[in-house]
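Keep the viewer open as you read.

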Amino acid sequence: MNSKLKYLIIFDYDGVIVDSLDTNLKIAALACQKIGCPVHPSQADIEQLENIAFDDIGRQIGVPEKKIQKFTGIVFDLLTQNAISPPIFPGIKPVIQKLRRKGHLAVITTNVKIAVNQVLESGGLCQDIDLVMGAEQKGSKSEKICQAMAAFNVSSSFTYMIGDAVSDIREAHKAGVNSIAVSWGYHPREKLLQASPDHMASAPEDILAIVR
């Protein structure tokens, strides 16, 4: 481990690194079809959620509680099969590569680790990310942030959580780390501001100015 690296920079995955809204809506719709629920998730459904996890999406669109586990299981199967691969946001790759020079990089996500690694690998980013913590690992996002800080021996004042959802910002606050909300993801800027992020990024390169 490089002891000269000063920061721990944690990224959410969906809506921050990858432009996956349409992809995940399609996957959720396929899962609904497979369990016999004639519902079609929309962007408006996503924006109403604070925590954007697939079980919460299922409940939001009306999947019966008794079918939620089956719904999320099918979603995770589709993600693992890389049935529909989302594109990496323009501009995020060079930002990640520059941040790599000054800190340990991690991804903490409600997505499936193997699917995340596949996209990072195909996008040429796998070697820049030190740690991926996915839906398979138990615990809240704030707990995983604390685990990552312990793993890299970085204090909360030098740790940043970058997210596109209200829940990302609140979990960062809960863990006592710096929060950066990005406006190109799932939640609109106005909704993110309600969670009082420490910083707001309107474009990927803004992150470089924040993490100095």
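Is H8 mostly covered or mostly uncovered, and how many of its 10 residues are buried? Bear in mind as you look that this is a predicted model. The helix turns out to be mostly covered, with 7 of its 10 residues buried. Those residues are Val166, Ser167, Asp168, Ile169, Glu171, Ala172 and Ala175. So what do they pack against? The buried residues of H8 pack against H7, E4, E5 and helix H9, which spans 189-193.

Now move to the nonpolar interior. In soluble globular proteins, nonpolar side chains tend to be buried together. Here the largest nonpolar core has 29 residues, and Phe11, Ile17 and Ile207 touch the most other members. Strand E1 (7-11), helix H5 (92-99), E2, helix H6 (113-122), strand E4 (159-163), strand E5 (178-182) and helix H10 (206-210) each put in at least two residues. H5 gives the most to this core, with 4 residues. Apart from this core lies another one, of 25 residues, including Ile35, Val63, Ala115 and Tyr186.

Zoom in on Phe11 next. Setting aside its neighbours within four places in sequence, Phe11 is in contact with Val16, Ile17, Ile92, Ile96, Leu99, Leu105, Ala106, Val107, Ile108, Met161 and Ile162. Pick Ala106 out of that list and follow it. Ala106 sits in strand E2, residues 103-108. Ala106 counts as buried because its relative accessible area is 0%. With neighbours within four places again left out, Ala106 is in contact with Leu8, Ile9, Ile10, Phe11, Ile129 and Leu131.

The structure holds 3 aromatic pairs. Ring pairs link Tyr7, Phe158 and Tyr160 into a cluster.

On to the empty space. Rolling a probe the size of a water molecule over the atoms shows where empty space is left. The largest pocket holds about 640 Å³ of space. It is lined by 30 residues, and the closest to its centre are Asn51, Ala53, Thr109, Thr110 and Ala135. Helix H3 (54-60), helix H4 (65-80), helix H7 (141-152) and helix H8 (166-175) are the elements that give two or more residues to the lining. So the helix you started with turns up here as well, because H8 is among those elements. By class, the lining has 9 nonpolar, 11 polar and 10 charged residues.

Finish with the backbone. Most residues other than glycine have a negative phi, and most peptide bonds are trans. Which residues have a positive phi although they are not glycines? Asn153 is one, at about 55°, and Ser196 is another, also at about 55°. Asn153 lies in the loop between H7 and E4, and Asn153 counts as exposed because its relative accessibility is 72%. Ser196 is found in the loop between H9 and strand E6, residues 199-201. At 49% relative accessibility, Ser196 counts as partly exposed.

How values were computed
Residues are numbered from 1 along each chain as its sequence is written. This is a predicted model: local features need pLDDT of at least 70, side-chain atom pairs count only at pLDDT 80 or more; totals for chains, interfaces and linings use all residues. Side-chain values use heavy atoms; hydrogens and water are left out. Rings of Phe, Tyr and Trp (its six-membered ring) pair if their centres lie within 6.5 Å; planes under 30 degrees apart count as stacked, over 60 as edge-to-face and the rest as tilted. Buried means under 20% relative accessible area, exposed over 50%, partly exposed in between (1.4 Å probe, protein chains only). Contact means heavy atoms within 4.5 Å. A nonpolar core is a set of buried Ala, Val, Leu, Ile, Met, Phe, Trp, Tyr and Cys residues joined through side-chain atoms within 4.5 Å. On a 1 Å grid over the protein atoms alone, a cavity is a set of points where a 1.4 Å probe fits but cannot get out, and a pocket is an open set with protein on both sides within 12 Å along at least five of seven lines; lining residues have an atom within 4 Å of a point. Grid points are joined across faces, edges and corners, and a volume is the space filled by probe spheres set on the points. Ala, Val, Leu, Ile, Met, Phe, Trp, Tyr, Cys and Pro count as nonpolar, Asp, Glu, Lys and Arg as charged, and the others, Gly among them, as polar.
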